Amino acid sequence: LVGVIVAAVILTVEVPKKKRAAARTTSLKNIAIQVSSESSVNDLGIPQKKALDWILGPNNNPFDPEKDKHQIMQRYQLAALYYSTTGENWTNNGNFLSADDECNWYQESVICAEDGRVTNITLANNVLKGILPSEVGKFEKL
């Protein structure tokens, strides 16, 4: 009887937890779709899908999709830039894609206004290869 009660308690806790995780994933994906197409965030192997996968990862767990929508969106946009220009092969990728505030990534080459919105990105002499993604053109203050 105790085993049945314990199993019921575990199920009671796990089901809402899984629903919350699924709702969070959907919310984060919807934020990405606002600056990318739905097909691009679903297409395996392309930079936008890699950026979404990163957004869904542990470096972004502290962010609330409701309260931190703009920050999540610009982190996604910067991740799309990173993956589109082979960021893993940059001369200096600093702390791009870290859990740090994106305004502190890459030795202050991502500059933000007081409200935290990206206003300037400087990645000079960094051997970027690839195509700038359309998401870069969708920063609100760049």
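Is Trp-105 buried or exposed? In this predicted model, Trp-105 counts as buried, because its relative accessibility is 0%. That makes a handy place to start a walk through the aromatic rings.

Let's first set out how to talk about them. A pair of aromatic rings is described by how far apart the centres are and by the angle between the planes. With centres within 6.5 Å as the rule for pairing, the count comes to 6 aromatic pairs. Take Trp-54 and Trp-105: their ring centres sit 5.8 Å apart and their planes are at 70 degrees, so this pair is edge-to-face, the label for planes over 60 degrees apart. Trp-54 belongs to helix 3 (residues 47-55), while Trp-105 is in the loop between helix 4 (69-84) and strand 1 (110-112), so the pair ties together parts that are 51 residues apart in sequence. Trp-54 counts as buried too, at 10% relative accessibility.

Now hop over to Tyr-82 and Phe-96. Here the ring centres are 5.9 Å apart, but the planes are at 15 degrees, so the pair is stacked; the cut-off for that is under 30 degrees. Tyr-82 comes from helix 4 and Phe-96 from the loop between helix 4 and strand 1, so this contact ties together parts 14 residues apart in sequence. As for accessibility, Tyr-82 is buried, with a relative accessible area of 8%, and Phe-96 is buried at 7%.

How values were computed:
Residues are numbered from 1 along each chain as its sequence is written. This is a predicted model: local features need pLDDT of at least 70, side-chain atom pairs count only at pLDDT 80 or more; totals for chains, interfaces and linings use all residues. Side-chain values use heavy atoms; hydrogens and water are left out. Helices (H or I, at least four residues) and strands (E, at least two) are DSSP runs, numbered from the N terminus. Buried means under 20% relative accessible area, exposed over 50%, partly exposed in between (1.4 Å probe, protein chains only).
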